[in-house]
Amino acid sequence: MITYLETGKATVLENLRIVRGPYLQLGSESSIAIRWATDTPVQGRVWYGESPERLCLVQDETTIACNHAVKLSQLAPDTKYYYAVGTPEGLLAGKTEDFFFVTAPSLDLAPEDIRPLRICVLGDAGRGNDIAASVRDGYLKFTGSRHTDLWLMLGDNAYDTGTYEEYQRGIFDMYPQLLQSSVLWTAIGNHDAGSADSLSQSGPYYELFSMPTCGEVGGLPSGTAAYYSFDYGNIHFICLDSYGCDRTPEGEMLSWLVRDLAATDKDWKIAFWHHPPYTKGSHDSDTEIELIEMREQTLPIVEEAGVDIVLTGHSHSYERSYLIDGHYGTSDTFTEQMKKDGGSGREGESGAYQKPVQASHAGTVYIVAGTSGLADRVSPHPAMYTSLSIPGSLVIDAHGKRLHVQFIDNEGNVRDEFTMVKTCS
């Protein structure tokens with residue numbers, strides 16, 4: 001069905017109000033979900049097209065509700081679309097240069113033909129406070145006019161107990177610019193779980209966010225929103241639940257993880273979850289059960305499969321490891337032999353970290369990025385190249401077989417960086 005929403009012909013609804021969003025979910029090369037909420041139950045509608053003045057396509061919901069989720073499909077890969085949301089009776093938001101999304105690059109492209117990708121990472125961001133606002137502004141200052149292709153939240157996305165009101169303050173009121181133009185992917189943290197249950201997939205966290213449980217964005221179907229995977233360009237992302245799911249190798253999550261990692265042939269593998277396997281910040285990975293079990297049970301799987309980067313939060317610190325492999329014990333058992341590369345990973349210093357494509361146990365960089373809402377004191381863990389107590393966000397720039405990772409403080413300055421390169425052998 002084609003419906004034109006042209007300049008001067010859009011009825012703006014005045015007696016209906018958007019109370020959340022719009023925000024982007026489940027973005028792929030050919031589809032995306034647009035979500036928002038209204039204060040009154042209505043039938044939702046999305047107009048979209050390749051110009052904000054001429055939104056030539058329309059997709060309607062089939063139900064009447066306050067919480068709206070409209071999936072757009074049959075989109076062209078690597079294409080910028082503008083959109084507006086409302087009801088069949090009129091417009092509520094959008095139809096400007098600020099409301100857009102960019103579909104993922106075609107999965108058929110060779111790595112060298114995929115355009116540069118930018119990923120923003122926020123950890124423990126959900127306080128809705130001045131620090132979170134400053135981290136947001138620091139990232140926006142740093143990225144400038146460059147588009148953020150997708151962003152990851154590493155858990156504790158809403159303090160203190162993950163209520164609807166806390167999500168409104170911590171995410172939807174805090175990040176409107178990112179929400180309406182960049183696809184968000186979330187991991188659950190212990191604070192999110194205060195009002196949500198992973199086994200039943202119930203509560204605000206599971207009701208507010210859409211996850212690819214059926215492998216609809218690449219990856220192996222997980223059958224649950226608690227953990228999932230997806231593909232973007234030549235990157236395979238894996239999100240795990242380090243709090244509410246069974247963390248044993250025999251459990252459903254890690255059994256799925258083994259199969260999912262075996263099924264992907266992407267050049268890059270990036271995993272993210274909440275509880276860090278290595279930290280000496282506001283939490284201690286030597287003493288806390290979730291951290292211990294993720295290190296002992298999950299790391300052998302991800303390292304065997306050649307995962308390149310693991311992103312976590314929980315500790316309100318920034319900690320970045322060397323390129324390491326094989327450390328599953330307490331901090332006092334870490335040895336120099338576990339460093340695959342004991343340098344900085346910086347091209348202008350000791351050189352980029354190098355890994356053969358699809359190599360097993362060739363090294364992983366572990367990052368704690370939990371300072372997007374609060375920065376606490378941190379002590380050095382022997383696996384870490386650097387440890388900082390500075391509010392900030394993480395930026396991953398991917399292009400072909402090169403990843404460049406930067407930690408950006410709340411003033412937009414680079415405070416740490418490293419590069420990883422995939423080699424042919």
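## Serine 198 and its surroundings

Serine 198 touches Ile188, Tyr206, Ala226, Asp241, Gly244 and Cys245, leaving out residues up to four places away in sequence; contact here means heavy atoms within 4.5 Å. The side chain of serine 198 also makes a polar contact with the side chain of tyrosine 206, at 2.7 Å. A polar contact is a pair of N or O atoms within 3.5 Å; within protein, one must be able to donate a hydrogen and the other to accept it, and residues adjacent in sequence count only if both atoms are side-chain atoms.

Serine 198 lies in the loop between β12 (183-186) and α4 (204-208). Helices (H or I, at least four residues) and strands (E, at least two) are DSSP runs, numbered from the N terminus. With a relative accessible area of 8%, serine 198 is buried (under 20% relative accessible area; exposed is over 50%, partly exposed in between; 1.4 Å probe, protein chains only).

## Basis of the model

This is a predicted model, in which local features need pLDDT of at least 70 and side-chain atom pairs count only at pLDDT 80 or more, while totals for chains, interfaces and linings use all residues. Residues are numbered from 1 along each chain as its sequence is written, and side-chain values use heavy atoms, with hydrogens and water left out.

## Nonpolar cores

A nonpolar core is a set of buried Ala, Val, Leu, Ile, Met, Phe, Trp, Tyr and Cys residues joined through side-chain atoms within 4.5 Å. The largest has 115 residues, and Tyr175, Phe272 and Leu311 have the most contacts inside it. Another core, of 8 residues, lies apart from it and includes Trp47, Leu55, Leu91 and Phe100.
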